[in-house]
2 protein chains.
Amino acid sequence: MNIILLGSGRVATQLGQALHKAGASFLQVYSRTQDHAAKLAAKLNCESISDSSKLRLDADLYILSVTDDALPALAQQLSLKDRLVVHTSGSTPMSVLEPASNKIGVFYPLQTFSHEKEVDFSVIPLIIESNNPESLILLKDFAAKLSTKVLELDSAQRLILHVAAVFACNFSNHMYAIAQELLATRQLDFDLIRPLIAETAAKVHFNLPIEVQTGPAIRNDKLTIQKHLDSLKDQPQLQEIYRLLSQSIVNLR
Amino acid sequence: MNIILLGSGRVATQLGQALHKAGASFLQVYSRTQDHAAKLAAKLNCESISDSSKLRLDADLYILSVTDDALPALAQQLSLKDRLVVHTSGSTPMSVLEPASNKIGVFYPLQTFSHEKEVDFSVIPLIIESNNPESLILLKDFAAKLSTKVLELDSAQRLILHVAAVFACNFSNHMYAIAQELLATRQLDFDLIRPLIAETAAKVHFNLPIEVQTGPAIRNDKLTIQKHLDSLKDQPQLQEIYRLLSQSIVNLR
């Protein structure tokens, strides 16, 4: 199967490399920035282009891995008739690809990607979807080469999964960032809190988070909550976040 | 050094066991519930009591490891003159112990503890404090037997550290819990999101969280944020949390 990859960001890079390792063959990498296209194309051993009119029309699979807000315009630019076109977005409906081809689908890897750090795709859930049964089977087989966890979801289910991922990943990282910020106000090193973060994540590896919640809010320890709120009096936004999240935890009791 | 441990909860149990392993000798375990005292005392090879009047007065160190709101009343009950009395709380000032003794201090292990899962104390930061230099040295030496990370902080600094810990641990776990809840509305298994949680935590092991933030908010991708908010329209509290945390991330840009 010959692939053309459109995009050169974190997801495109990590997914491209993982597919390349798994033996997939790439024809082209497209990016609006020629440098970015060239860098990734070198890794995938294929041609790089920055002009979408130079896109070859004979690939078996076109993977659009660009930011969510760039997807509609990119799909409008393409005219690939019956070639299979997929995107890798969690929150974008498959239908955004309708202008590009009659055969469309989704190939969404549920993970957070870094530019440098390689991830092990074999444990990453791959969420697939297609508007036709043949492409769905093709995507399923294709995904199974990368990961043991392949799941078919429709666009509405995938959106909820993506919102859940924002909470579990983006927002939990923001909680770490707030901790970093608070420690910095007292010249305390972030390193102090790293074992705590590791243990917190490790706990839910075998348990459900609701069952292992700790801290003043789940005990409804109003005295400690008030002490913490007082200590945040100079940071009203953090105080508001603290109050709202504590209330949300108290509501679970 | 002979120790009396007051408390039988998660922190008391884990700390007691770690000290026992490190060769510390316990005289008594006190808990208001005799069963709890007996269970922990068996592990620490010492006497159990549930009546504070039976407390021996000849220990070298009294560790009060009870909930924050139970500390003031417990300290009031004790009359230990010049015996060293410490608590293990992150957010309680050392001064709460003044009624109990003239020699007081703090021994706060910065970690989240489970009832069953044992933790490796050697990497846990131990935060110490005392109202006199001799006890401080004693606590420092004592802590160094358990952990390589011993740090002296005053009560105000410790409070900020504890607030940071609430964000990094309790609130990030709550983010996982919200994800669990959202997945459940679509009959999706929490297991889907476990690799994402592990990777999110792993990322900040070598990086600072502010540097590795991903997701729609840090890109200020308003379209995706709005799609997510719309998908939460039946859960106004989650919607409010989503909005507030996204705004807080946008403000970092």
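**From one strand to two chains**

In strand S4 of chain A, the bridge partner of A:Ile4 is A:Tyr62. This is a predicted model, in which local features need pLDDT of at least 70 and side-chain atom pairs count only at pLDDT 80 or more, while totals for chains, interfaces and linings use all residues. Residues are numbered from 1 along each chain as its sequence is written, and chains are lettered from A, and ligands numbered from 1, in the order in which they are written.

Helices (H or I, at least four residues) and strands (E, at least two) are DSSP runs, numbered from the N terminus, and two strands pair if DSSP finds at least two bridges between them. Strand S1 (residues 2-6) of chain A runs parallel to S4(A), and 4 bridges join them. S4(A) is also joined by 4 bridges to strand S5 (residues 84-87) of chain A, again in parallel, and here A:Leu61 has A:Leu84 as its bridge partner. Together with helix H3 (residues 71-77) of chain A, S4(A) and S5(A) make a right-handed β-α-β unit; right-handed means that, with the strands pointing away from the viewer, the path from the first strand over the helix to the second runs clockwise.

In a regular strand the side chains alternate between the two faces of the sheet. By contrast, A:Asn251, in the segment after H8 of chain A, is exposed because it has 9 other C-beta atoms within 10 Å.

An automatic or database domain assignment gives chain A domain 1 (2-153) and domain 2 (159-250), whose C-alpha centres lie 35 Å apart. Between them, 6 residues of domain 1 are in contact with 5 residues of domain 2, contact meaning that the C-beta atoms, placed from the backbone, lie within 7 Å.

The contact between the chains takes 77 residues from chain A and 77 residues from chain B. Helices H5 (155-185), H6 (194-206), H7 (222-231) and H8 (236-250) of chain A each give two or more residues to the side that touches chain B, and H5(A) gives the most, with 25 residues.

Notes:
Contact = placed C-beta atoms within 7 Å. Buried ≥ 20, exposed ≤ 12 C-beta atoms within 10 Å, placed from the backbone.
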